[in-house]
Amino acid sequence: SMNGFFAIILSCLIFADDKFTKIKALGCVLGFSGILLINIQLGQAMFSGISLRGDGMILLNALCGAFGGILTRVVSKKMDMTLATGLSMAIGGMILCIITFFVHPYVGWNITAKSILIIISLVLISAVCFGIYNQLIACNPISKIAIFNAFIPILGVIFSAIILGEPMKLKYFVAGMLVALGVYVINKFDGK
């Protein structure tokens with residue numbers, strides 16, 4: 001979830017139309033507080049078990065995702081975002097298939113009509129979502145859009161509670177409100 005916050009900071013450093021303001025800082029603090037609240041477990045040491053190989057790689061992934069948003073904004077000036085998104089997904093998918101083949105060359109793929117339908121559904125969902133997100137980044141300051149990424153873990157725990165029957169906790173609603181307030185503050189009060 002740090003992807004959105006990294007994207008805001010990088011965007012403000014790179015693009016002249018995206019200035020880092022006190023309002024953006026407040027929105028980021030509110031959004032980050034919501035994400036932190038989701039992950040804190042009472043009675044446990046907050047930073048125990050953190051490792052460079054685990055958490056460090058997750059932060060590196062978030063930083064790479066933020067650079068992806070920056071790259072999207074740059075590419076959007078030279079190329080149609082629908083085409084760019086399609087090419088990006090096709091190239092990424094091919095790379096993942098090649099890596100999978102070399103990592104597990106002897107694993108047989110059980111391809112059925114149901115599995116093909118599921119893959120097509122997932123590809124279409126991803127394509128539509130990434131296409132819309134990339135178009136939004138291309139047409140707006142990244143800081144106005146990237147903060148919405150803070151909703152991902154909040155919605156994840158809420159949908160897990162609804163769909164999987166996991167316990168619903170009050171802190172999930174409080175975290176959701178903090179993230180929503182952060183998004184609102186950045187998009188409502190930050191100057192155009």
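Start with the lining of the largest pocket: by class it holds 18 nonpolar, 12 polar and no charged residues. (Ala, Val, Leu, Ile, Met, Phe, Trp, Tyr, Cys and Pro count as nonpolar, Asp, Glu, Lys and Arg as charged, and the others, Gly among them, as polar.) A pocket here is an open set of points on a 1 Å grid over the protein atoms alone, where a 1.4 Å probe fits, with protein on both sides within 12 Å along at least five of seven lines; lining residues have an atom within 4 Å of a point.

This is a predicted model, so local features need pLDDT of at least 70 and side-chain atom pairs count only at pLDDT 80 or more, while totals for chains, interfaces and linings use all residues. Residues are numbered from 1 along each chain as its sequence is written, and side-chain values use heavy atoms, without hydrogens and water.

Now select Asn3, Gly65, Phe130, Tyr133 and Asn134: of the 30 lining residues, these are the closest to the pocket's centre. Then colour helix 3, which gives the most to the lining, with 11 residues. (Helices are DSSP runs of H or I, at least four residues, numbered from the N terminus.)

Next, click Ile147. Leaving out residues up to four places away in sequence, Ile147 touches Phe5, Ile8, Gly27, Cys28, Gly182, Val183, Ile186 and Asn187, where contact means heavy atoms within 4.5 Å.

Last stop: the cysteines. How many disulfides are there? The count is 0, a disulfide being a pair of cysteine sulfur atoms within 2.5 Å. Show Cys139: its sulfur is 17 Å from the closest cysteine sulfur, in Cys129, too far for a bond.

Conventions
Helices (H or I, at least four residues) and strands (E, at least two) are DSSP runs, numbered from the N terminus.
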